[in-house]
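Open the structure in your viewer and keep the selection tool at hand. We will go stop by stop.

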There are 2 protein chains.
Amino acid sequence: MTSEKSLKEPEVNPSHPPATPRTSHPVTMREVAEGAGVSVATVSLVVNNKKDARIGAGTRKRVLDTIRELGYRPNALAKNLVSGSSRFIGLVADAIATTPFAGQIIHGAQDEAWKHGFVLLVANTEGDEPVEKDAISMMLEHKVRGILYSTWFHRPTEIPAALQETDFVLVNCFSPDSDALAVVPDEVHGGREATDILVRKGHRRIAFINATIPAPAKDGRLQGYRDALEAAGIAFDPHLVFDAYPDQEGGYGAVEELLKRDVTAVFCYNDRMAMGLYDGLKQRGLSIPDDMAVVGFDNQEVIAAHMRPPLSTVALPHYELGAAGVRLLLGVDEPAGSPVVKLECPPVERDSVGPNTLTRSRFP
Amino acid sequence: MTSEKSLKEPEVNPSHPPATPRTSHPVTMREVAEGAGVSVATVSLVVNNKKDARIGAGTRKRVLDTIRELGYRPNALAKNLVSGSSRFIGLVADAIATTPFAGQIIHGAQDEAWKHGFVLLVANTEGDEPVEKDAISMMLEHKVRGILYSTWFHRPTEIPAALQETDFVLVNCFSPDSDALAVVPDEVHGGREATDILVRKGHRRIAFINATIPAPAKDGRLQGYRDALEAAGIAFDPHLVFDAYPDQEGGYGAVEELLKRDVTAVFCYNDRMAMGLYDGLKQRGLSIPDDMAVVGFDNQEVIAAHMRPPLSTVALPHYELGAAGVRLLLGVDEPAGSPVVKLECPPVERDSVGPNTLTRSRFP
DNA sequence: ACAATCTGCTTAAACGCTTGATCAAAAATG
DNA sequence: CATTTTTGATCAAGCGTTTAAGCAGATTGT
C-alpha cells in the first residue's frame with residue numbers, strides 16, 4: 001500500500017559514477033526568467049502559448065531566444081504536480097516478452113495516447129501476481145490518468161483490486177461479472193471471415209481444427225465458422241470439427257484425422273497450427289493449396305507471411321485494441337450498449353487457398 | 001524544444017466523461033496528518049520509514065492505521081519534484097510492434113530497473129525520426145534518470161542529438177565513432193557456439209548460410225564460424241559459405257546450392273532461414289537431422305522450439321541486453337575496457353543436429 | 001480632460017511532499 | 001537538584017510550475 005514496498009531504495013553503487021555524469025544543473029524556468037529579464041509567470045505564459053495571455057511581441061521573442069540559448073526544457077514533474085494529474089497512461093501487460101502480440105497493443109496504445117498528449121508507463125508482469133500488484137501501485141502513485149490492463153490472449157480475467165482506484169479498461173480480456181469497460185477482438189466475426197475465405201473459393205467440405213483449451217476464441221471462432229457455413233447454405237457437420245492443442249505439434253498431429261474426412265479445405269484455430277499442418281500435409285506429398293486449402297488465424301507476422309505458400313489468415317486487431325483502449329479510457333470513444341466493445345478481425349488473403357477443384361469439375 | 005511540440009493539448013471530449021469517473025479527491029499526506037492528529041512531516045517520516053527519524057511506537061501505529069483507513073497513496077509526482085530527479089528510466093525502441101525481440105529487452109530492462117526502484121517509460125518509434133525526437137523530448141521533460149536507446153537488430157547507429165542531454169546507453173546497437181556506452185550481443189561468440197554444436201557431433205563439412213545484408217551479425221557470425229573450424233582443425237573452405245536473404249524464402253532458396261556442396265551440416269544465419277531450409281530439405285525427401293544437421297540463430301520462441309524437429313540454435317541475449325543496459329546506465333556495472341560491452345549468446349540444443357554418420361562409418 | 005478600457009507584465013499562492021533546523025518534554029547524568 | 005542528553009514531534013523553506021488577481025501605463029471614448 002505504501003511506497004516502501006513497491007519501490008525499493010536505489011542501490012546505485014556510489015563508487016561507480018554514471019558514464020556521462022550530467023554536469024550542469026538542469027535549466028529552470030526561473031533562470032530563463034532572469035536571463036530574459038521577466039518574471040517566471042511571463043515565461044510560463046509564453047512557453048505554454050496561453051491563448052488569452054497578453055504578451056508583447058518583443059518580450060515573447062526575448063523569452064523564446066533565452067529558452068533556446070539556455071536549452072531550457074519544461075519540467076513535466078512540476079507541471080504535473082500543479083495540474084494535479086499526470087499525463088500518464090499505465091499499460092500493464094502479462095506477456096510483453098513472450099509474444100509479439102503485446103508489442104502491437106503497446107504500439108496502438110502509444111500512438112493514440114500521444115495524440116492526446118499522454119505518455120505510456122509500461123509494466124510487464126509475465127503473469128506474476130505480486131509484480132502486477134506492484135506495477136499497479138507504482139502507476140497509481142504516479143497518478144496516472146488511467147490504466148490499460150491487457151492480456152496477451154483473449155480471455156476472461158479477474159480485476160485486480162487496486163485497479164478500482166483509477167479509471168481502467170481491459171484490453172484483450174474482459175470481466176464476466178462486472179460492467180468494466182473492455183475491448184476485445186470479435187472472435188465470431190473472425191471465425192466467419194476465415195471461413196468465408198474458403199467459402200468464397202467454392203469450398204464446401206471445410207474442416208475446422210479448433211483448440212483444446214477453453215477460451216472465448218474457441219467458442220467464438222466455432223460460432224463464426226458455423227455462421228459462415230449457414231450463410232452459404234452448407235450444412236454443419238460435427239465430424240468436420242475436431243480439437244487439437246493450438247501449436248505446431250497440434251496441427252501436425254491433426255493431419256491424419258483431417259485426411260479421413262475427405263475435405264478440400266481447413267480452417268485452423270491459429271497460424272501455428274497451420275504451420276504444423278503444412279508439415280504433415282507436405283510429408284504426405286500433398287500440396288497446398290491444390291490438394292488442401294488452409295487458412296489460419298492470428299496473422300503472426302514472422303510466420304504467416306513466410307510460409308510456403310504464404311498463409312491466408314485473419315488478423316487479430318492488436319494495434320486497434322490498444323488504440324481503442326485508450327480512446328475508451330479517455331472517453332473519446334463511448335461503448336455502444338455493452339461495456340465490452342468488439343473489434344473486427346480483418347481477413348488477410350495470401351496463397352494458401354485456391355479454388356475448390358472438385359467444385360470446378362462438377363460444375364464446369 | 002518546448003513542450004508545445006512534444007505534447008499536444010488534451011482533446012478529451014468533455015461530453016463523454018470517462019466510464020468510471022473518479023469521484024473522491026485523492027487522499028493527500030495532509031489529510032492523513034489531520035486524521036492521525038500529527039504533522040505532515042511526521043507522516044512523511046513514517047511513510048518513508050526514515051531510519052534516523054524518532055517516532056514513537058504509538059504515533060507510528062496511529063499514522064499507519066490512518067493511512068490504511070483513508071487508502072492513502074504517496075504522490076510520486078510530488079516526491080520526484082522535491083527530490084529533483086525522477087525514478088524513471090526511458091526506453092526508446094524502434095520496433096516493439098514488429099518483433100518479439102524488443103519485448104525481451106523491455107522485460108530485462110524493467111526487471112533490472114525495478115530492482116533499483118526505477119520505472120520504465122517506454123516509447124516505440126517504429127523507426128520514425130520525428131516520433132523518436134518527440135519521445136526523447138518527452139523523456140527529458142520527465143527528467144528521466146537516463147535513456148536506453150535500443151534497436152531490434154544489432155547494428156551501428158547514429159546518436160540522436162537530444163540523447164546527449166542525459167545519460168544514455170545504446171542497447172543492441174552501437175555508435176562506431178563515439179565512446180558512448182553500449183551493450184550488444186557477442187556475434188563472434190555466437191557464431192562459434194553455433195558451429196561448435198555441429199563440430200561436437202563430429203561434423204566436418206559444415207556449410208554456413210550467411211545473410212546478404214551487411215551487419216555486425218554477418219561479419220561476426222562468420223568469424224565465429226571460422227574460429228570454431230580452426231579450433232577443431234578443420235580447414236576453412238570458402239565454397240561452404242554462401243549468402244541468402246535472411247528469411248524463410250532465403251533459406252529455402254539456398255537448398256539447391258547447399259546440396260551441391262556435399263555437406264553434412266549447415267549453420268543458418270537465423271532461425272527463419274532454417275525454417276525455409278527445412279522446407280526445401282523435406283521437399284527433396286531429406287530428413288533432419290539424419291541427412292542434414294542444421295542449427296539456426298536467434299532462438300525465436302514461436303518458431304525454433306516448434307519446428308519439426310525442434311531446431312538447435314543459439315539465443316540472442318535480449319533479456320540480458322536490457323538488464324545490462326540498465327546496470328550500465330545506473331553505474332552498477334562498469335564497462336571493462338571498451339565502452340561497448342558484449343554479451344554471450346548461449347547455445348540451445350534441440351533435435352536438429354545428430355551425429356555425423358559419415359564420420360561414424362569412417363571411424364567405427 | 002476625465003473616466004473607462006485595454007495592454008503588458010508581475011505578485012503570490014498553491015500543488016504534495018521532503019528535510020534540516022528547532023523545540024518542548026522526558027530521561028539520564030553528575 | 002541542576003544540567004545535559006535523548007526522545008518525539010513540529011516548523012518552515014523549498015522543489016519548478018501554473019494561474020487568478022492585481023497593477024501601472026497607454027489608449028480610447030465623450
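This is a predicted model: local features need pLDDT of at least 70, side-chain atom pairs count only at pLDDT 80 or more; totals for chains, interfaces and linings use all residues.

Residues count from 1 along each chain as its sequence is written, while chains are lettered from A and ligands numbered from 1 in the order written.

**DNA strand D.** Select DNA strand D and the 27 residues around it. Near means that the C-beta atom, placed from the backbone, lies within 6 Å. A:M29, A:S44, B:A41, B:G56 and B:T59 come nearest. Color α3(A): it gives the largest share of this surface, 5 residues. Helices (H or I, at least four residues) and strands (E, at least two) are DSSP runs, numbered from the N terminus.

**DNA strand C.** Now select DNA strand C, which 27 residues surround. The closest are A:A41, A:G56, A:T59, B:M29 and B:S44. Here α3(B) gives the most, with 5 residues.

**The sheet of chain A.** Move to the open sheet of 4 strands, in the order β7-β6-β8-β9, with parallel pairing. Strands pair if DSSP finds at least two bridges between them. β7 (241–244) and β9 (293–295) of chain A each have a single partner strand, so one side of each lacks a neighbour in the sheet. Select β8 (residues 265–268) of chain A: it pairs with β9(A) over 3 bridges. A:V266 stands opposite A:V294.

Which strands of chain A does helix α12 (residues 271–283) of chain A touch? The answer is β6, β7, β8 and β9. Contact means C-beta atoms, placed from the backbone, within 7 Å.

Note on methods. Two residues are in contact if their C-beta atoms, placed from the backbone, lie within 7 Å. Axes are lines fitted to C-alpha atoms, for helices over the stretch in contact, and angles run from 0 to 180 degrees between N-to-C directions.
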